[in-house]
Amino acid sequence: MPDSNNWRRGISTRRNFIKSGAVGGAALLAGCSGGGDEPTPGTDDGSGGNTNGKRFRVFDPLTSGATPSERHFNPWNPTQTGCWHPGACIFDRLAVYSPTQNEAYPLMAESWKMPDDKTLEATFSDKWTWHNGDKFVAQDWVMQQEIELALQKASDEGGKPLIKSVEAVDDHHVRINLNDALSEIFAVQNTIGIYNGNLARGVFTKHDDPKWSEWHKKLTTGSGSEKKAAIEDITTAKYPMITDDPIGHGPFKIKDVGDDIIVMEKYEDHPNADSINFDEFALKLFSTNQPIQPYSAGKIDATHKGFPVQNDLKSKLPKGNTLFREGRSSNKLFSFNCGHGVDYESPVNNVNVRKAICHVYSRKQTESLLQGVNRTFDWAPCRVPGKVLSRGKDETAEWVKDFTKYGENNTKRAAELLRREGYEKSNDKWMTPDGKRFKLSIMNGADRQDIQVLKQNLKDFGIDTKQEQVDDATFDDRRNKGKYDIMPDGSSSNGITAMWATDLVIDWLQSILHFAPESEIPMPIGDPKGSSGTKTINIEQHIRKWQSTGDSKYHHELMWWWNQTLPEAEMLYQPDAGAYNGAHWGLDVKPGIKNGVDDALYIAPKMADGTLKYKG
């Protein structure tokens, strides 16, 4: 999956990018005092409004560490941005893409088609207006995309952007020209349905706004010095501030901004306003960045994430507790230094050693340590989300049945693989091919249940381990230079195609796992002995062929490469859900949105066939 937001990597580190998609541990019921003690729904909430079915209160995750009055709606300035919360509420987007379902749903774009494999054409609805009454037109989105393309071109990230150019054919039609051929779903999900980064939150630019127009002109037609100055301006300006009465075109508009609350009121002229039966949508900020306590205490009606919770906290949740975003999850993995292009020699540079380690691990022993948040990954490593495999409806669920399954404490198989590489056991201790004690270093992850079990399994098997806990800077430096044996990793696992983004697999994972760009996989798929020989594949080219043709055979072979090469092995996964009080509120929208889109609470009121309603 191409990523149209690569220019930002010069501002935020790769580590922060991965962290932004990962899910934290379960929240604890302690230490929440922000916002004061508030009554349950149906009474005054302490901020000047009445919640008696009039105000929907949502946990505010303190976007970029900024309080409400500090936030702004400039998606290209990464500091103190409000483009996620509440931007996704007051701005609409062209289409909604669900990575968990790999489907796109029309919103402002009524329809789209591809006249050829490098061109996507979309038709915009004429029903949307900005909050000042002006018509929303195709030129608004084109301006935003042309600014993005100009910034991409000026960045030092390298690589060819997904989009070559965009044009407004008229007020309601756009034409998007791609640099490379793509199948329709890949084209849609990365253009009008883009779902990662702040641009995914909606269309922020109004084509006749003086400030946006000035930046756009300098970036697209200005001289070198003008462009440079414009880049500096647009990536540092806090425009428009959330306190400056900004206008959007979504179902809610800014009403009040307080010290710990943002109140939005319904925009009556939104095309789908009639399906909204409450007046205000509020984001509430608390001193803790964990939602469980205020949600359990009735101070908020919903939270975008933070679920599931530990077993001992479930009894404290509201009786109407209802989960959404249940198709989303994050992986917890063992990561190995595969050794390509690095000077550091490690036993795990050898694929059979990696396989042996994964065979020694006991998934069953880990289960007893879990507390209701993490789940065991009960399938063969294959780089497919556990939530997809658990449903059993996708073709990948059938494919993995033939793959090599690790994590079953198969010490016999592990011993076979090690002896094949010259390792021998002496006095119940494994020795390396050169006669030294076999020892593995594990960098960080001492608090992970699966790492704890892995260390004990290796010790019982006769392999010595050394636990190293290092600071973030050292961790980053060592993994980028390939100076480690094993380390933990965690990443979003929200959809099949999302797991194979070239930006993620090639640009990021290869840089820390150091796997070879080409690999021989045993054939046929499902036969690790390779009775039909091997097939050499280039990982990046295989991903791009899958994107351009939509042919799942490339995905099948990539999964098999992952399973047989093991740069990482997923052993745990954690659902990444949100929650709302279903006793008072109803969230009715397509399952692919309700359980697959990160901002489903914002999306539901925008859809013609969806709604968020007060039930009483």
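The legends below describe several close-up views of one predicted model.

Because this is a predicted model, local features are described only at pLDDT of at least 70 and side-chain atom pairs only at pLDDT 80 or more, while totals for chains, interfaces and linings use all residues. Residues are numbered from 1 along each chain as its sequence is written, and side-chain values use heavy atoms, with hydrogens and water left out.

View 1. E570 is found in strand 22, residues 568-575, where strands (E, at least two residues) and helices (H or I, at least four residues) are DSSP runs numbered from the N terminus. E570 is buried yet has no salt bridge, and the nearest side chain of opposite charge, that of R383, is 6.1 Å away. Here buried means under 20% relative accessible area, exposed means over 50%, and partly exposed lies in between, with a 1.4 Å probe and protein chains only; a salt bridge is a side-chain nitrogen of Lys or Arg within 4 Å of a carboxyl oxygen of Asp or Glu. For charge, Lys and Arg count as positive and Asp and Glu as negative, whereas His and the chain ends are not counted. The side chain of E570 does reach the backbone nitrogen of R383, at 2.8 Å, and a polar atom of that E570 side chain lies 3.2 Å from the backbone nitrogen of C382. Leaving aside neighbours within four places in sequence, E570 is in contact (heavy atoms within 4.5 Å) with residues including N331, F377, P381, V384 and W562.

View 2. R383 is found in the loop between strand 14 (375-376) and helix 10 (386-391), and its phi is near 60 degrees, a positive value in a residue other than glycine. With a relative accessibility of 2%, R383 counts as buried. L566 sits in the loop between helix 17 (552-565) and strand 22, and for this residue, also not a glycine, phi is positive at near 55 degrees. L566 counts as buried as well, at 0% relative accessibility.

View 3. D485 has its place in the loop between helix 14 and strand 19 (486-492). D485 is buried but has no salt bridge, and the nearest side chain of opposite charge belongs to R478, 7.4 Å away. A polar atom of the D485 side chain lies 2.9 Å from the backbone nitrogen of S441. Apart from neighbours within four places in sequence, the residues in contact with D485 include S335, Y344, P347, K439 and S441.

View 4. K439 forms a salt bridge with D464, the closest N and O atoms being 3.9 Å apart. K439 lies in strand 17 (residues 439-443) and D464 in strand 18 (residues 464-468), so this pair ties together parts that are 25 residues apart in sequence. Both partners are partly exposed, K439 with a relative accessible area of 46% and D464 with one of 29%. The side chains of E468 and R478 also meet in a salt bridge, at 3.2 Å from N to O. This pair links distant parts of the chain, with E468 in strand 18 and R478 in helix 14 (residues 472-481), 10 residues apart. E468 counts as buried at 17% relative accessibility, and R478 is buried at 16%.

**View 5. Other salt bridges.** The structure holds 27 salt bridges. One of them joins the side chains of R175 and E167, at 3.3 Å from N to O; R175 counts as partly exposed at 26% relative accessibility, and E167 is partly exposed with a relative accessible area of 34%. Elsewhere, R93, R201, D598 and D599 are linked in a network of salt bridges.

**View 6. Helix 15 and the residue after it.** Helix 15 (residues 502-513) is mostly covered, with 9 of its 12 residues buried. Among the buried residues of this helix are T502, L504, W508 and L513. Just after helix 15, H514 takes a positive phi of about 60 degrees.

**View 7. Two cis peptide bonds.** H85 and P86 are joined by a cis peptide bond with omega of about 10 degrees, and P86 has its place in the loop between strand 1 (55-60) and helix 2 (87-90). The peptide bond from M523 to P524 is also cis, with omega near 0 degrees, and P524 lies in the loop between strand 20 (518-522) and strand 21 (534-538).

Terms used:
A polar contact is a pair of N or O atoms within 3.5 Å; within protein, one must be able to donate a hydrogen and the other to accept it, and residues adjacent in sequence count only if both atoms are side-chain atoms.
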